[in-house]
Structure formats: structure tokens, C-alpha cells
Amino acid sequence: RMLRVAIMGLGSYGTRVAEAMQDSKKAKLVGVISGTPSKISAWQEKYNIPSKNCYNYENFDAIKDNPDIDAVYIITPNALHHPQTLRVAAARKHVICEKPMALNAEQGREMVEACKNAGVQLLVGYRMHFEANTLEVIRMREAGEFGEIKFFQGLSGFKIGDPSQWRLNKELAGGGAMMDIGIYSINGARYMIGKEPIWVTAQETKTDPVKFKEGVDETILFQFGFPEGIVASCLSTYSMGNLDRFFLNGTQGFAEMQPSTGYGPIKGKTHKGPLDNPHITHQTVQMDRMAEIILEGETAKVPVDGEEGLKDLIIIDTIYKAVASGRKEPIQLG
Ligand code: NAD
């Protein structure tokens, strides 16, 4: 059977996910939650969505009584992820939540707890965990083909436009580039190296304090220490283009990917040759696999659950702490 999904938040990424889900063999868009009636009717027409599966932000708790929706995919501004996840969990529907899962680890813990208590799954929209070239690098690393891993470099950034957008509003975004794009280097460092970081140092620079207000980071450089002396060096920024690059170095080989996390195709090579798996729309594969995880209970194999989202939030909290203290801060994922 198909996973029957309602999308909450019909913005630019919600639109992309809906388009991609049309090609999914395992997940189907059956409902919407939106504050904009005109968007609801346009989506109803485009995706053949019945009125009984349409909700707004005031009444969506009633989804509890709708047997035709299995899961809600939350694709709203970051600050809404926490309260909306708690409400979806209370309605006993599975939650797929966009990254960053929440604004901080405290919220993340509440979300994990709420979903556990409600007996529903919580997955985070970490689409790279389903991308073929990324999975090939992970496979090679697990097979020892790079030898001992020594170093990772992650560069994640883009030039952000319109200064009035929610991404530059501390209340809605929870921060700046780190919450939005730097998180790819954090998650990437973890899946490329295959271990958890134990400390971080971080430095912030700001060239435009009008656009990037207090609490909205423009550029942060950060460095992780991992067990066995492995190190990582990463950049998160909202003010440089062409920054979507991963590099992994081991004693017997390397992988480099550019673009490494964009919508694709993901390109790159290793010491053994090019990464040449065919490109499939990330969100289509993601929805197929997430449907399998939710319907067939495969969570253990794919690190995209709430506990994983929480780890990245703990790391983000610690990066901001390291920026403020100027010191090497221990990362406690425990
Ligand atoms: P967007 O601004 O295009 O869409 C956000 C939607 O939320 C809009 O439709 C807006 O109307 C709605 N919304 C509901 N309540 C709102 C409120 N109080 N204030 C503002 N908007 C409100 O943003 P987006 O690019 O679609 O991003 C949404 C989420 O998806 C973010 O958390 C973002 O990090 C995530 N995202 C993930 C990826 C990915 O590749 N995994 C890519 C893009 C965005």
C-alpha cells in the first residue's frame, strides 16, 4: 500500500516535494494544510485532493479523525516545526519534518518524546541519505576503501537574496546560514566520516549587520574533532556562491563531491574514478524510502529519524556556544 501524505506548508520546497512525489511508487500526496485558501484550491485541482483532506493551521488537529491520511510532511519555516510536530503527534499521524528539525536541542527532545509517546514515527527531510553517489561514498568508506579516515571538509553556502524573507528573521529561522545550509556540512561530516564529533571550535564573521541582524549568522567557520584524531573543517555562509563541496580524505584514498548536497545531480570522484550513478530526483527517492521506513518499520538502517535530527541540533547549539565562548566546546550527544 502507499503512504498517504499531507503536506503542511505549500511554499517553494513543499511545491518541489509535491511534484517529486508524483513519481513515487510508495508515497502519495492526498492532503494539504495551508493558511492560503487560493493555494489549497489550486493544489486540489492539480493533485486531485478531496476537500475532506484540506486543513488550515487552526483546524488541522482534526486530522486525527481522518483515516485517509497516514503522515504529515511539515515544510514550514523552522520555528513552526516544533509546535506543528507536537500537534501532528497528538493527532497520531506520522511526522516527516523538514530540516532543521527545530530551533534547538530542547525542542528537538520534546518532539522525539512526543512522537514516541504517541506511537508515531518522526523522520527528518535529510534527502542526501537516499542519494546514490552519496551512498556509494558511504559504502566505500564502510568497506575500508579509503583506508583510515583522517579529514573531512564541508563547504555549504549560497548568496541569500530578499532581506525580508523568513530565513533572515531570527524568530522564524532560529538563526541564519547555520540553521539552513550549514546543517548540510554538519550532517555531511557525520555521514561521510561515519563517526560522531566530540568537540567543536567556531568563528563567526559578519560583513552586513543590517541584512544579518543580531542572532542571524552570515558566515561561520567551524572545526570538529572526532575520535581517533579525525578532524573536519567546515564553512557555513549566506554570502558566497559556489559553495557546495565535500572532501573526504583517508590514508588510502579520497572522495570529492561538488555539488555535494544541491538538488542534483550530485557529481564527484574518488581515487578510484568518477561517481557516476544516474541522477534520480532526490525527493522522489526520499519519499519512496520514507514510505518503506514508516510502513515497513525500517528505521534502524537509515539515519533520518528524530534522534538523528536531534544530534544535529545539539551540534548546532554547541557551535553557537563555541562562537560565543571562543573556546573549544565538548559536544555531548549522549
Ligand atoms: P517558503 O517560504 O518557500 O515556504 C514556507 C511556507 O510556509 C509558505 O507557504 C508559507 O506560506 C508557510 N507558512 C506558514 N506559516 C508561516 C508563517 N508564520 N510565516 C511564514 N510562512 C509561513 O520556504 P521553503 O523554502 O519552502 O522552506 C520551508 C522549510 O523547508 C524550511 O524549514 C527549510 O529549511 C526546508 N527546506 C528543506 C530543503 C531540503 O532540501 N531538504 C530545501 C528547501 C527548504
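**Rings, strands and a helix: asking why**

Me: Which residues do ring pairs link into a cluster?
Reply: Phe152, Tyr191 and Phe246 are joined in this way. Rings of Phe, Tyr and Trp (its six-membered ring) pair if their centres lie within 6.5 Å. Before we go on: this is a predicted model, in which local features need pLDDT of at least 70 and side-chain atom pairs count only at pLDDT 80 or more, while totals for chains, interfaces and linings use all residues. Residues are numbered from 1 along each chain as its sequence is written, and side-chain values use heavy atoms, leaving out hydrogens and water.

Me: What makes the pair of Tyr13 and Tyr263 stacked?
Reply: The structure holds nine aromatic pairs. In this one the ring centres are 5.9 Å apart and the planes meet at 15°. Planes under 30 degrees apart count as stacked, over 60 as edge-to-face and the rest as tilted, so the pair of Tyr13 and Tyr263 is stacked. The two partners are 250 residues apart: Tyr13 belongs to helix α1 (residues 12-21), and Tyr263 to the loop between β12 (254-257) and β13 (268-270). Helices here are DSSP runs (H or I, at least four residues), as are strands (E, at least two), numbered from the N terminus.

Me: Why is Tyr13 called buried, and what does Tyr263 count as?
Reply: Buried means under 20% relative accessible area, exposed over 50%, and partly exposed in between (1.4 Å probe, protein chains only). Tyr13 has 14%, so the label is buried; Tyr263 has 36%, so the label is partly exposed.

Me: How do you know that Arg87 lies over the face of Phe60?
Reply: A charge sits over a ring if NZ of Lys or CZ of Arg is within 6 Å of the ring centre and within 35 degrees of the ring normal. Arg87 is 3.9 Å from the centre of the Phe60 ring. Lys328 likewise lies over the face of Trp199, at 4.1 Å from the ring centre.

Me: What puts the buried residues of α5 on the same side?
Reply: In α5 (residues 132-142), Asn133, Thr134, Val137, Ile138, Met140 and Arg141 are buried. They cover an arc of only 160° around the axis, so they share one side of α5. That arc is taken from the directions from the helix axis to the C-beta atoms.

Me: Why do β3 and β6 count as edges of the sheet?
Reply: Two strands pair if DSSP finds at least two bridges between them. The open sheet of six strands runs β3-β2-β1-β4-β5-β6, with parallel pairing. β3 (54-55) and β6 (122-124) each have a single partner strand, so one side of each is left without a neighbour in the sheet.
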